[in-house]
Amino acid sequence: MAQQVRGVIAPGKDQPVRVETIVVPDPRPGEAVVRVQACGVCHTDLHYKQGGISDDFPFLLGHEAAGVVESVGEGVTDVAPGDFVILNWRAVCGHCRACLRGRPWYCFDTHNAEQKMTLLDGTELSPALGIGAFAEKTLVAAGQCTKVDPSVSPQVAGLLGCGVMAGIGAAINTGNVGRGDTVAVIGCGGVGDAAIAGSRLAGAARIIAVDIDDRKLEKARAMGATHTVNSRGTDPVEAIRELTGGFGADVVIEAVGRPETYKQAFYARDLAGTVVLVGVPTPEMKLELPLLDVFGRGGALKSSWYGDCLPSRDFPMLIDLHLQGRLDLGAFVTETIALDEVEKAFERMHEGDVLRSVVVF
């Protein structure tokens, strides 16, 4: 039978979030109910709250989560009650043209639970990225659950569900950073720092962090940056070129999502280098580049969706690296908070000194 739990909803555009009683239905075929143990506060949740993604209010926020499967619907075989899982928002279908070509990380038909969670009065909720994990329990498609080693802390495991995976994947999967490469990362928030950590994992020889905040640049060094550039008073393109023998970086990862910083990334790469856009732009943004420069500089201009990850492949691998001491996921956790502190966590995002606030249940 349906369960009643506490969860954080965004009731309307730019309205403060609030804790409400949420009704979670029993799972139907292909679905699972997960008891959430921890969920990171991501900038995407703030975008939902601000109405920047859609106007399908009220939203049940939260998507960067880990927990334990409580129950599954008919036909679910990949996970079972008691499994410790990380939730993902791109559950691949296995049947679309990308999946059938062996490229499931580009799946064009990812899916979520068919049933809706509701408020007590029956109002249907729109779960953020199909997850809605600022709640004690949530209903998801079973394919959104990726089983990992249960010895890892939930508060660090959940971060792979979005921001950290996006950044690491932008470097390793999309950018194909390799041993000896030079890498520049523009924007050193959570995703940018994860791209730095991913570049270090991949064996990059030189990692240049670019931001306008010295506090973020200091954190970027701790994550693996070998050089930092404060672009508030320094031309980052010239600085990156100077640090790479005048050539530019092999891979430049843009983790801001603005036309100005994308142009910096474009001109800061070496000839035949790669630009990876992992920062998410807003709908009204436009980019203008001389087509001759696009042609003449060669290389690749790529967008990174969720770090081009395949959760079943990447989540367990990264958890293993963390448990081996080779990837410090705990460094991304600035603070742990209670469910009723999410609104304050959104406010602290603007202060610039928080990588991740994590709700712990």
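Helices (H or I, at least four residues) and strands (E, at least two) are DSSP runs, numbered from the N terminus. A cavity is a set of points, on a 1 Å grid over the protein atoms alone, where a 1.4 Å probe fits but cannot get out. Lining residues have an atom within 4 Å of a point. The structure is a predicted model, in which local features need pLDDT of at least 70, side-chain atom pairs count only at pLDDT 80 or more, and totals for chains, interfaces and linings use all residues. Residues are numbered from 1 along each chain as its sequence is written, and side-chain values use heavy atoms, with hydrogens and water left out.

The largest cavity holds about 40 Å³ of space. Here a volume is the space filled by probe spheres set on the points, and grid points are joined across faces, edges and corners. The lining of the largest cavity consists of M165, I168, G169, I172, N173, D314, M317 and L318. The top contributor is α4, with five residues. By class, five lining residues are nonpolar, two are polar and one is charged. In this scheme Ala, Val, Leu, Ile, Met, Phe, Trp, Tyr, Cys and Pro count as nonpolar, Asp, Glu, Lys and Arg as charged, and the others, Gly among them, as polar.

Open space was treated separately. A pocket is an open set of points with protein on both sides within 12 Å along at least five of seven lines. The second largest pocket has about 350 Å³ of space. Its lining comprises 19 residues, and D78, V92, A142, G143 and C145 lie nearest its centre. Both β10 (145-147) and α10 give at least two residues to this lining. The largest share, three residues, comes from β10. The lining of the second largest pocket has eight nonpolar, eight polar and three charged residues.

Next come the charged pairs. Side chains of opposite charge can pair when their charged atoms come close. A salt bridge is a side-chain nitrogen of Lys or Arg within 4 Å of a carboxyl oxygen of Asp or Glu. By this rule there are eleven salt bridges. One of them joins R356 to E64, with the closest N and O atoms 2.7 Å apart. R356 lies in the loop between α11 (342-349) and β18 (357-360) and E64 in strand β5 (residues 64-72), so the pair ties together parts that are 292 residues apart in sequence. Buried means under 20% relative accessible area, exposed over 50%, and partly exposed in between (1.4 Å probe, protein chains only). R356 is buried, at 10% relative accessibility. E64 is buried as well, at 1%.

A second salt bridge links the side chains of E70 and K137 (2.7 Å, N to O). E70 is in strand β5 and K137 in strand β9 (residues 137-141), 67 residues apart. E70 is partly exposed, with a relative accessible area of 30%, whereas K137 is buried at 16%. The side chains of D213 and R215 also meet in a salt bridge (2.9 Å, N to O). D213 is buried, with a relative accessible area of 16%, while R215 is partly exposed at 45%.

On the surface, Y106, F108 and W305 form a nonpolar patch with about 310 Å² of accessible area together. Patches are made of residues with over 30% relative accessible area and no salt bridge; like charges are joined within 9 Å, nonpolar side chains (Val, Leu, Ile, Met, Phe, Trp, Tyr) within 5 Å. Accessible areas come from the Shrake-Rupley method with a 1.4 Å probe; for residues, only the protein chains shown count as cover. Y106 sits in the loop between α2 (97-100) and β7 (118-119). Y106 is partly exposed, at 31%. R103 is also found in the loop between α2 and β7.

The backbone was examined last. Most residues other than glycine have a negative phi, and most peptide bonds are trans. The peptide bond from F57 to P58 is cis, with omega near -5°. P58 lies in the loop between α1 (43-49) and β4 (59-60). D14 has a positive phi, near 60°, and lies in the loop between β1 (3-10) and β2 (18-24). Phi of A272 is also positive, near 65°. A272 belongs to strand β15 (residues 269-277) and counts as exposed, at 56% relative accessibility.
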